[in-house]
Amino acid sequence: MPAMQTSSAELFQACATIFGPEIKISYDFLKYLQPVGIKTAYRKKAFELHPDRNSDQHAEQLFRELNEAYALLTDADKRRNYDSKMYIHFFTKELLQCSSK
């Protein structure tokens with residue numbers, strides 16, 4: 001079964017969910033994002049949002065979204081697919097810039 005396409009928006013949203021909205025997410029951020037960094041941020045946020053620890057009425061939904069974001073960012077096939085798409089995008093952009101000079 002082929003891997004589903006992952007859009008930039010999905011990855012940016014997943015990063016914002018795990019790392020927080022105050023982090024500036026860029027293509028370079030996604031390119032150099034390491035699994036250990038994802039796991040550390042996820043565990044910290046999961047500790048805060050877990051419904052057993054957080055009495056907020058939206059904690060369960062936020063925790064579910066956090067788990068979905070973590071699954072997306074740690075899925076090697078989806079990341080590889082996205083990374084190859086970005087490589088083609090940037091390579092094509094560089095070629096177009098070079099040919100227009």
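Helix H4 has 16 residues and reaches 22 Å from its first C-alpha to its last, close to the 22 Å expected at 1.5 Å a residue. This is a predicted model. In H4, the buried residues are Ala 59, Phe 63, Leu 66, Ala 69, Leu 72 and Leu 73.

**The chain as a whole**

The protein chain holds five helices and zero strands. Along the sequence the pattern reads α-α-α-α-α. Of the 101 residues in the chain, 26% are buried. Among contacts with a separation of 6 or more, 58% join residues 24 or more positions apart.

| Helix | Residues | Length | Span, first to last C-alpha | Expected span |
|---|---|---|---|---|
| H1 | 8-19 | 12 residues | 16 Å | 16 Å |
| H3 | 35-49 | 15 residues | 21 Å | 21 Å |
| H4 | 59-74 | 16 residues | 22 Å | 22 Å |

**H1 and its end**

H1 buries Leu 11, Ala 14, Cys 15, Thr 17, Ile 18 and Phe 19.

H3 spans residues 35-49. Its buried residues are Ile 38, Ala 41, Tyr 42, Ala 46 and Leu 49. These residues lie on the same side of H3 because they cover an arc of only 135 degrees around the axis. An α-helix has 3.6 residues a turn, so residues three or four places apart point the same way. The face of H3 turned away from the buried side carries exposed residues: Val 36, Thr 40, Arg 43, Lys 44 and Phe 47.

**H3 against H4**

How do the axes of H3 and H4 cross? They come within 10 Å and cross at roughly 170 degrees. The angle is over 145 degrees, so H3 is roughly antiparallel to H4.

The contact draws on both helices. From H3 come Ile 38, Lys 39, Tyr 42, Lys 45, Ala 46 and Leu 49. From H4 come Ala 59, Leu 62, Phe 63, Leu 66, Asn 67, Tyr 70, Leu 73 and Thr 74. By type, the residues of this contact divide into 10 nonpolar, two polar and two charged.

On the H3 side, Ile 38, Tyr 42, Ala 46 and Leu 49 are buried and meet H4. On the H4 side, Ala 59, Phe 63, Leu 66 and Leu 73 are buried and meet H3.

How values were computed:
Residues numbered from 1 in each chain as written. Predicted model: local features only at pLDDT ≥ 70, side-chain atom pairs only at ≥ 80, totals over all residues. Heavy atoms only, no water. Helix = DSSP H or I, 4+ residues; strand = E, 2+ residues; numbered from the N terminus. Expected span 1.5 Å × (residues − 1). Buried < 20%, exposed > 50% of the residue type's maximum accessible area, 1.4 Å probe, protein only. Arc of directions from axis to C-beta. Axes fitted to C-alpha atoms, helices over the stretch in contact; angles between N-to-C directions. Parallel < 35°, antiparallel > 145°, perpendicular 65-115°, else oblique. Contact = heavy atoms within 4.5 Å. Nonpolar A, V, L, I, M, F, W, Y, C, P; charged D, E, K, R; others polar.
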